[in-house]
Amino acid sequence: MIGLASAENTPRPVTLLLILVIIALVSLPFVGVNPYILHLGFLTFLYVSLSSAWNILGGFAGQVSFGYSAFFGLGAYATGILWNAGVNPYLTLPVGALLALAFSLLVGYPCFRLSGPYFAIATIGIGEAMRVIMLNLGDITGGASGLTMPTTGGFSKTPSYLSALLLMIAVLLLVNYIRNSRIGLALLAIKEDQDAAEALGVPTIRYKLLAHGLGAIIVGIAGGLYAQYMFYIEPNNVFGFNLSISLLLMPVIGGLATLWGPVLGAIVFVVIQDTLMASFPHLHLLTYGLLLVVIVLFEPDGLMGLFGRLARFLRSRYAEGQARAPSGEQSL
Amino acid sequence: MTDLLSVTVSGLLLAGLYATMSYGLTMIYGVMKIINLSQAGTFMLAAYVAFTLFTYLGLDPMLSLVIIVPAFFLFGMLLQRLFVSRVPLANTPTLPSLLLLFGIWLVLQNLAYMIWTGDDRSILTSYTYSTINFLGLQLSFTRVMVFLIGLLALFALQAFLTRTYTGKAIRALTQNRPACMLVGIDVDRIAMLAFGIGVAFDALAGTLMSLLYAFTPAFGNTFMLKAFVIIVLGGLQNYYGVAIGALVLALVESWAVMFMPASLQPAIAYTLLVIVLVLMPRGITGLLEGRRTV
């Protein structure tokens, strides 16, 4: 795990393993697996994409946003409305992505002048304002009763499953690229000390807009896929504050500014949600709240940090064992 | 014309509640430079405690303040000692503190879902629908009482901040932390007390809200954001500024209802929040004085 997270050039065996995993995931729908597994797969891929998208600005650049549901909602509604108007749902995805991108620039341009915590508070306001406004645009969004989509395409989960998988792979490749590029360095510099980065010639606002925009595009596409999968969207849901919270929790708990942290966070999120949602609908958010408190206080690097610590501990134990073994023999 | 008058008067009454709910946020910000994102949780929890006391013991919410406010004062000090004191402080809010308090809010909210379920609750007292006549205007008795209790609390806070050692220490800590340490103020103890007082104020506001609004465990979010608009308008740590900010927001919201659908009203505070943060980060008082004082 750590090898994956820290490697500058991913070692060949790991690449091979990843390709095998991808082949296995792609072939899953064609070997007649239970549709419920495909459902969980779709959700996991979607959440991994969302969580990694949030990580670009929130993790690398340290700009916490509580407002990503606005992008998700715009993507979902672009797909919903155009699909109802007869457009092929896959062609609606770029429209949603562009809308989300435009909105991210509109919001980011003024708000990125604020320092981190004030930016975070402003995004709560933006996300919630979008939800209230969308609820009131009943003619377009269907208001609180939502929007239902045509179900003529049939109910097979396979297309959605594969699209989400494709999105996830693209997002992970993008994050991997950002992490190893100048952009990643610039974003990390902004996180460490924005003023110093600015003084050293990093155009901080431009990089933050870029990170925000990339995140918005991904979340917008994810919103469109969600609308295609669910056949039903509603402002309180796709523009909801709970969605923004989930997006933030996954990468924070998994481990910020890493490639695999948000993936891990999203998988844990889906597993916890799936096991607890049915019997105790609110226990999973409670669990996540507790995890957040524990992580802020004890392990700011999230689960990835925890694994790193564990790996170092085991390695030092191993090294100790190696060192002690010969001396032990001598004493006998 | 009477419309305008009655809307203005109800805006003034609302301002009392708005100011009450913002003092806790301002005090905690002033002393610790932390944005208390768990505030919404306190509003909601206080409303449910008032609801429980009213339903099972028949205790009037205004009387139950005698129990709720001290209880939440202790609760706040406990929160500060156990959690908040463990994150590093700086001259501006830090992200770990924001995430920590947000986590606490999430825990409180979902505990409430498990205890009280997600059903809408409201407190119906014998006087909920009674009105009093004032200068020819029919005013809701509850709203007037909420305003008066809020006003009383503000006078108490004012006296506390100017007359007592702890109050003066809180003001000093708001202005200059290193200097406080130099003159021997126990800053950790003062921070704990200030957090307790802040949470107690939030609980007072939450109880008053339970008399006016229906609530669920997700309740409080809107009010917390409004409180944040208010303290930014007021210059973040200026207690007089908070009163002005509360008045401005309450009046703008009340007047806006005359021009737009009431269901859009929450969007006003959210939009104002962004505008105020971006355009006047030092608030109205900052604009008026040119220099921030406490």
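Analyst: Contact means heavy atoms within 4.5 Å. This is a predicted model, where local features need pLDDT of at least 70, side-chain atom pairs count only at pLDDT 80 or more, and totals for chains, interfaces and linings use all residues. Residues are numbered from 1 along each chain as its sequence is written, chains are lettered from A and ligands numbered from 1 in the order in which they are written, and side-chain values use heavy atoms, with hydrogens and water left out.

User: Which residues is A:Arg131 in contact with, leaving aside neighbours within four places in sequence?
Analyst: A:Pro235, A:Asn236, A:Phe239 and A:Gly240. A:Arg131 itself belongs to helix α6, residues 116-136 of chain A. Helices (H or I, at least four residues) and strands (E, at least two) are DSSP runs, numbered from the N terminus.

User: How far apart are A:Arg131 and A:Phe239 in sequence and in space?
Analyst: They are 108 residues apart in sequence, and 5.2 Å apart in space from C-alpha to C-alpha.

User: Is A:Arg131 buried or exposed?
Analyst: A:Arg131 is buried, at a relative accessible area of 18%. Buried means under 20% relative accessible area, exposed over 50%, and partly exposed in between (1.4 Å probe, protein chains only).

User: What about confidence in chain A, what does the pLDDT average?
Analyst: The average is 87, and 93% of the residues score at least 70. Residues 1-7 of chain A have a pLDDT below 50, and that stretch has 13 contacts in the model beyond near neighbours in sequence. Over residues 328-332 of chain A the pLDDT also stays under 50, with 0 contacts beyond four places in sequence. pLDDT is the predictor's confidence in each residue, from 0 to 100.

User: How many helices and strands in chain A?
Analyst: 16 helices and 2 strands. The radius of gyration of chain A is 21 Å, close to the 20 Å from the globule rule for 332 residues, so chain A is as compact as a globular protein of that length. That radius is taken over C-alpha atoms, and the rule is 2.2 Å times the number of residues to the power 0.38. The C-alpha trace of chain A spans about 85 × 55 × 40 Å along its principal axes.

User: Now chain B. What pattern does it follow along the sequence?
Analyst: Chain B reads α-α-α-α-β-β-α-α-α-α-α-α-α-α. Its radius of gyration is 19 Å, close to the 19 Å that the globule rule gives for 294 residues, so chain B is as compact as a globular protein of that length. The C-alpha atoms of chain B fill a box of roughly 55 × 45 × 35 Å, taken along the principal axes.

User: What share of the residues in chain B is buried?
Analyst: 57% of the 294 residues. For chain A, buried residues make up 53% of 332.

User: Where is B:Thr207, and what does it touch?
Analyst: B:Thr207 sits in helix α8, residues 187-212 of chain B. At 1% relative accessibility, B:Thr207 counts as buried. Not counting residues up to four places away in sequence, B:Thr207 touches B:Ala46, B:Ala50, B:Pro61, B:Ser64, B:Leu65 and B:Ile68.

User: Backbone next. Which residue other than glycine has phi near 60 degrees?
Analyst: A:Ala257. A:Ala257 is in the loop between α13 (241-254) and α14 (261-276) of chain A. B:Lys33 is not a glycine either, and has a positive phi of about 55 degrees.

User: Where is B:Lys33, and is it buried or exposed?
Analyst: B:Lys33 is in the loop between α1 (2-32) and α2 (39-57) of chain B. B:Lys33 is buried, with a relative accessible area of 14%.
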